[in-house]
Amino acid sequence: MCGIIGIVANGPVNQDLYDGLTVLQHRGQDAAGIVTCDGEQLFLRKTNGLVRDVFHTRHMRRLAGSMGIGHVRYPTAGCSSSAEAQPFYVNSPYGISLAHNGNLTNAEQLKDDLYREDLRHINTSSDSEILLNVFAHELAKAGKLRIDESDVFEAIAGVHKRVQGAYAAVAMITGYGIVAFRDPHGIRPLVFGTRLGEDGRPEYMVASESVALDAQGYHLLRDVEPGEAVFIGLDGQMHMRQCAEKSDYHTCIFEYVYLARPDSVIDQVSVHKARLRMGTKLAEKILRKYPDHDIDVVIAIPDTSRTAAMELAYRLDVVHREGFIKNRYIGRTFIMPGQKMRKKSVRQKLNAIDVEFRGKNVLLVDDSIVRGTTSAQIVQMARDAGARKVYFASAAPAVRYPNVYGIDMPVPEELIAHGRTEAEVAREIGADWLVYQDIEDLVAAVHEENDRLVNFDCSCFNGEYVTGVGESYLDHLKQLRADDAKSTRDVAENEEIGLHNAN
């Protein structure tokens with residue numbers, strides 16, 4: 001997952017882009033970037049780090065212009081090279097910059113086609129650069145000195161025909177405007193909104209989550225539909241067109257479980273309310289399985305699970321307590337590349353309040369269990385704090401398959417639930433018993449608010465990939481995502497950095 005943003009305004013956009021990326025920081029903590037357009041000139045700043053560390057006053061002053069796009073990066077394959085920071089830029093045709101959230105499942109084939117047929121060179125291992133070049137090539141087919149929105153929409157239609165996988169993207173065409181588009185299945189989220197500028201004319205923003213619009217005073221208009229493109233010109237006119245021959249909703253359900261902020265609305269569903277319903281469904285399952293449970297206290301593992309845990313405790317008629325204090329200066333453990341870094345960060349990130357555990361039967365609630373390493377350490381922390389019994393509940397079903405649409409879930413062998421029963425996972429993490437959310441209940445919790453959302457991308461739970469994924473691609477991902485492979489890349493990258501510093 002990554003966070004993307006784009007703004008077309010009537011005055012400088014640098015500060016609003018910065019503030020919007022800060023709100024989207026939870027979607028990526030590896031790198032950040034902004035490119036702005038002032039007339040025919042572009043200004044770019046991007047590198048590794050958090051938003052607050054990437055952009056200093058001197059950088060902000062240089063980001064001139066009333067149009068721009070931004071990106072916060074989360075390394076899907078564990079690579080944290082600054083060369084992968086976005087937005088990417090290509091000068092032909094017209095000068096196009098692009099920021100992308102998602103993952104292309106036919107990236108290798110596209111890269112080969114771009115080189116052999118389109119005569120384009122790809123300079124990084126990022127599939128986002130591939131997406132940019134596909135779009136640029138399709139737009140060049142217009143063969144015009146000056147283009148209009150119809151040419152842009154035709155190019156997006158060409159992208160949909162060639163590209164497979166998940167992609168929500170914002171592209172800025174120098175001197176023309178910004179186009180936002182979403183893959184035909186709408187796997188990754190994208191919204192847009194408007195506000196009146198100081199001169200009374202409308203300004204527009206597109207972003208991964210509605211919370212970015214809220215923070216800047218934009219009114220949410222709606223989500224970009226699956227397969228749709230929205231073009232906002234420098235003249236303040238907005239144009240929309242369905243560019244895919246076939247489209248349907250398969251929104252990534254993990255957005256509601258973990259990725260998105262609770263104050264966001266995705267595809268007309270409040271993330272907060274969906275998580276409340278997840279808590280209700282999970283409580284009902286616990287009551288079915290353990291009607292005579294002896295739970296004394298429910299404790300959420302901060303922060304994402306808190307909403308579900310509070311509602312679960314209410315439904316069980318059990319007290320909910322804050323039992324863990326979180327260090328706000330440690331990043332999200334799930335999105336840290338490399339198992340060694342994840343293990344080290346858990347104890348740094350969380351500390352138990354002994355009085356909430358001592359002598360009690362504790363139900364720990366988390367949003368999900370992926371590798372299980374974090375869960376095992378937290379269960380042990382609860383026991384070390386004096387808990388008599390430790391139970392565990394996951395607001396999501398068992399994660400048994402890799403995600404191929406932009407979330408760095410590891411290879412199956414590194415997923416604790418792969419090939420294990422619920423009871424076996426409980427033993428692995430050291431819990432007295434474990435309850436997973438049923439996938440039907442998870443779907444129902446999100447579907448309830450929007451009847452159009454019938455199908456979801458639940459591939460990490462059921463192994464069903466809506467775009468179709470072969471074993472060869474899964475093997476390719478295994479080579480990229482295994483922790484051993486990441487460690488090898490980290491060593492190589494560190495050696496490269498050391499050589500660069502030595503020179």
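Entry 1: I began in β13, where the bridge partner of Ala 229 is Arg 241. Strands here are DSSP E runs of at least two residues and helices are H or I runs of at least four, numbered from the N terminus. I then looked up the whole pairing: β12 (residues 228–233) and β13 (residues 238–242) run antiparallel and are joined by five bridges. I call two strands paired if DSSP finds at least two bridges between them. Four residues lie between the strands of this hairpin, and Gly 236 has a positive phi near 85°.

A note to myself on the model: it is predicted, so local features need pLDDT of at least 70 and side-chain atom pairs count only at pLDDT 80 or more, while totals for chains, interfaces and linings use all residues. Residues are numbered from 1 along each chain as its sequence is written, and side-chain values use heavy atoms, with hydrogens and water left out.

**Entry 2: the antiparallel sheet.** Which sheet holds β12 and β13? I found them in an open sheet of six strands, ordered β5-β6-β7-β8-β12-β13, with antiparallel pairing. Its edge strands are β5 (88–90) and β13, each pairing on one side only. On average, neighbouring strands of this sheet are turned by 20° against each other, direction ignored. At the β5 end, three bridges join β5 to β6 (residues 96–104), and Val 90 has Ile 96 as its bridge partner in β6.

Next I checked what covers these strands. Helix α5 lies across β5, β6, β7 (165–173) and β8 (177–182), at about 125° to β6. Angles run from 0 to 180 degrees between N-to-C directions, with axes fitted to C-alpha atoms, for helices over the stretch in contact.

**Entry 3: α5 against α6.** The axes of α5 (residues 127–140) and α6 (residues 149–162) come within 8 Å and cross at roughly 130°. The two helices are therefore oblique to each other; the cut-offs are under 35 degrees for roughly parallel, over 145 for roughly antiparallel, 65 to 115 for roughly perpendicular, and oblique for the rest. I listed who meets whom: from α5, residues including Leu 131, Val 134 and Phe 135, and from α6, residues including Val 152, Ala 155 and Ile 156. Contact means heavy atoms within 4.5 Å.

Arg 162 forms a salt bridge with Asp 118, with the closest N and O atoms 2.9 Å apart. Asp 118 sits in the loop between α4 (107–116) and α5, so the pair ties together parts that are 44 residues apart in sequence. The rule is a side-chain nitrogen of Lys or Arg within 4 Å of a carboxyl oxygen of Asp or Glu, and by it the count comes to 35 salt bridges.

**Entry 4: the parallel sheet.** I then turned to an open sheet of five strands, ordered β18-β17-β21-β22-β23, with parallel pairing. The edge strands here are β18 (319–321) and β23 (433–436). From one strand to the next, the twist averages 25°. Helix α10 (residues 306–316) packs on this sheet, touching β17, β18 and β21 (361–366), and its direction makes about 170° with that of β17. Where does helix α13 (residues 422–429) lie? I found α13 across β22 (389–394) and β23, running at about 125° to β23.

Entry 5: Helices α9 (residues 271–289) and α14 (residues 439–447) pack at an angle of about 145°, with their axes 8 Å apart. Their contact includes Met 278 and Lys 281 of α9 and Leu 442 and Ala 445 of α14.
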